[in-house]
Amino acid sequence: MTFSEDKPVMIEFRDVHKYYGDYHALRGIDGTIKAGEFFSLLGPSGCGKTTLLRTIAGFEGISSGVIMIDDRNMAGVPANVRPTNMVFQSYAIFPHMSVAENVGFGLRRDPRTKAEKAAAVEEMLAMVGLTGYGDRAAHELSGGQRQRVALARALILKPKVLLLDEPLSALDKKMREHMQVELIKLQRQVGITFILVTHDQEEALVMSDRIAVMFEGGIAQLADPETLYRRPNSKQVAEFIGTMNFVPATILSEVGGKVEIEAKGLGKVTLDETQSPPPRGEEPVVGLRPETLTLLFPGQTTSERKVDGLIDEVIYFGDMTYYDVYLGGTDVEVRLSMRNVPGRPILDVGTRVEVAWSPEALVLFR
Amino acid sequence: MKDAPILRSYAVLYLIFLYGPIIILPMFAFNDNTIVSFPLKGFTTKWFAEMWSDPNLRIALQNSLIIALSTATLSTVLGIFAARASVRYKWPGKTAVVGLIMVPLVLPEMIVAMALLVVLLSIGVPLSIFTIIMGHVLICMPFAVAILTSAFQSLDRSLEEAALDLGEDAWSTFRLIVLPLVMPGIMASFLITFTISIDEFIIANFLGSGKPILSVYIFGQFRFPAKVPAMLALGTLLVAFSIILLTIAEYFRRRGVAKTGGKNSGGFL
């Protein structure tokens, strides 16, 4: 994914700190968000992602550091003149106004004529698929419709940056998945920088060009979804995004970025520098995703490396089956996932199997 | 409830005791007899005419209306400031200040009235309608603040942020978003403080220095048995006026609820 590489910078953070009294909510945020990018701030609750979003919007001041939007320092620039608009978690639809009045609210100070404004409102309603809803009262709308009104209302001012604060968290699963796709389409259509705050890693992976994973007020890793998933730079990130097995390892040698290790149950492996993020002084472990491991069914061979295993647990998911397997006669247990394709049996607990794996799938955390 | 006849009769008796005496008011106001006692004699409207022919009543009514309207306006406006400040902002001494505003609620009114009288006289402020208004604002503030605080509390903060975000400044956000949404609270505060003020007796008596005020006037008239039917006529009008006022308030409250799609819970009627 090289989408973001050559784009101009839209937002830049330089050592941004934010204190609430003694509480250090943002602890030195650095990084850039590119123009036209779909960017996500991902992290558990309390990690500072919403605070960071609100400092971009101008609802929160920062204690130190610099936030630049479109090459302008935002220090002292109030929310109502920043080139950003926000879709709130609660949608914040004005309850005493109609849909059209809500969407057109931002045009109050616009010098255009009434008819031109009404046309702009209609255009926005059409864009979010709410043509003909203009006269409805705000409270007559469903959750998904309210969300669309909030989007239309924020986009009518043609902001440089659209901020979305957990906009899908109030919707049910089906609607959420539907809106994810709609949001991606909408973002491509308008070409505006979208910044999404979410605690749902799947949502972030699906929607974003790049993701900043945040823990305890800092950005742990800023990367595109694939890198984040395949090459997490810490155990914490690896655990937060998807499922990952951790296998104890010992470091044998380290030459020019290549690290040779002995992973318990797997044997000796040489890892390149992308598989070995900077050390953090932890016990060395290698991480590997469940889908990078394959059970070999009788008669199957593999070009990858393989290891003996003993099935300890079988978890049936319909489209997938998860197996918990002891590796190579050790007490190291990993979880692996197999797609349930026709003709493939579900194996029983206690079955001796072979597990194929690829050194390329490993990441070393130490 | 069907299976609890005792509870049901208790409830019915309770309501009769509560509202029964008020029904006596119009009964005798239209009764053609100076003595307020059963049996009723005949229908008449002469007590209303007699009541209205007393110029003192008209002065008292005018004074009371001035006092009640000023009190309701002042305490509601001040209540808006206080409620907004206590709900939205953090500042040192907030708990103490809000607590002190609420104190008159539990302070005997007699003591408030005496204390105010002593202070006003000692610093040489002449007693007037204005001093009564001041006293009334003092005792009405807790009600206004309590009602308005709950109105402001139910306001989603992100609505204001959304308006700011869409280009409005703090004042226009307040005018376009906050004010319309707390309007039912403002109406309720205005009506309740108005009602408290118009029938308040102790402060009006202490700080009015004998000026004709409705409550003081009525109390004075009750000393003359011949005047009682006329006062009952006045009372009848006041009851009718209260019902009209509450109906109007309830109409606006329901319309507000319907407009914002909230669930209609509670209310006066």
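Which residues of strand S14 (residues 285–288) of chain A point one way, which point the other way, and are they buried or exposed? A:Val285 and A:Gly287 point one way from S14(A), A:Val286 and A:Leu288 point the other way, and all are buried. The model is predicted.

**Strand S14 of chain A and its partners**
- In a regular strand the side chains alternate between the two faces of the sheet.
- Strand S11 (residues 245–255) of chain A pairs with S14(A) in the antiparallel sense, over 4 bridges.
- In this pairing, A:Val285 of S14(A) has A:Pro248 opposite.
- S14(A) also pairs with strand S20 (residues 363–365) of chain A, again antiparallel, over 3 bridges.
- Here the residue opposite A:Val285 is A:Phe365 of S20(A).

**An open sheet in chain A**
- Four strands of chain A form an open sheet in the order S2-S1-S4-S5, with antiparallel pairing.
- Strand S2 (23–34) and strand S5 (72–73) of chain A are at the edges with a single partner strand each, so one side of each has no neighbour in the sheet.
- Strand S1 (residues 9–20) of chain A runs antiparallel to S2(A), and 9 bridges join the two.
- A:His17 has A:Arg27 in S2(A) as its bridge partner.

**Helix H1 of chain A**
- Helix H1 (residues 49–57) of chain A is mostly covered, with 8 of its 9 residues buried.
- The buried residues are A:Lys49, A:Thr50, A:Thr51, A:Leu52, A:Leu53, A:Thr55, A:Ile56 and A:Ala57.
- After H1(A) comes A:Gly58, which has a positive phi, near 95°.

**Domains of chain A**
- The domain assignment divides out domain 1 (9–230) and domain 2 (290–357) in chain A.
- Taken over C-alpha atoms, the centres of domain 1 and domain 2 of chain A are separated by 42 Å.

**A:Tyr323**
- Strand S17 (residues 320–327) of chain A contains A:Tyr323.
- A:Tyr323 counts as buried because it has 24 C-beta neighbours inside 10 Å, and the cut-off for a buried residue is 20 or more.
- Leaving aside residues up to four places away in sequence, A:Tyr323 touches A:Leu295, A:Ile311, A:Val314, A:Leu336, A:Met338 and A:Leu347.
- The C-alpha atoms of A:Tyr323 and A:Pro290 are 9.0 Å apart, while the two residues are 33 residues apart in sequence.

**Chain B**
- Chain B has 11 helices and 0 strands.
- The C-alpha trace of chain B spans about 70 × 65 × 35 Å along its principal axes.
- Of the 269 residues in chain B, 32% are buried.
- Among contacts in chain B between residues at least 6 apart in sequence, 73% are between residues at least 24 apart.

**Contacts between chain A and chain B**
- Contact between the chains involves 17 residues of chain B and 20 residues of chain A.
- On the side of chain B that touches chain A, helix H7 (157–165), helix H8 (170–198) and helix H11 (228–260) of chain B each supply at least two residues.
- H7(B) gives the largest share of that side, 6 residues.
- By class, the side of chain B that touches chain A consists of 7 nonpolar, 4 polar and 6 charged residues.

Terms used: Residues numbered from 1 in each chain as written. Chains lettered and ligands numbered in written order. Predicted model: local features only at pLDDT ≥ 70, side-chain atom pairs only at ≥ 80, totals over all residues. Buried ≥ 20, exposed ≤ 12 C-beta atoms within 10 Å, placed from the backbone. Pairing = 2+ DSSP bridges. Domains from an automatic or database assignment. Contact = placed C-beta atoms within 7 Å. Nonpolar A, V, L, I, M, F, W, Y, C, P; charged D, E, K, R; others polar.
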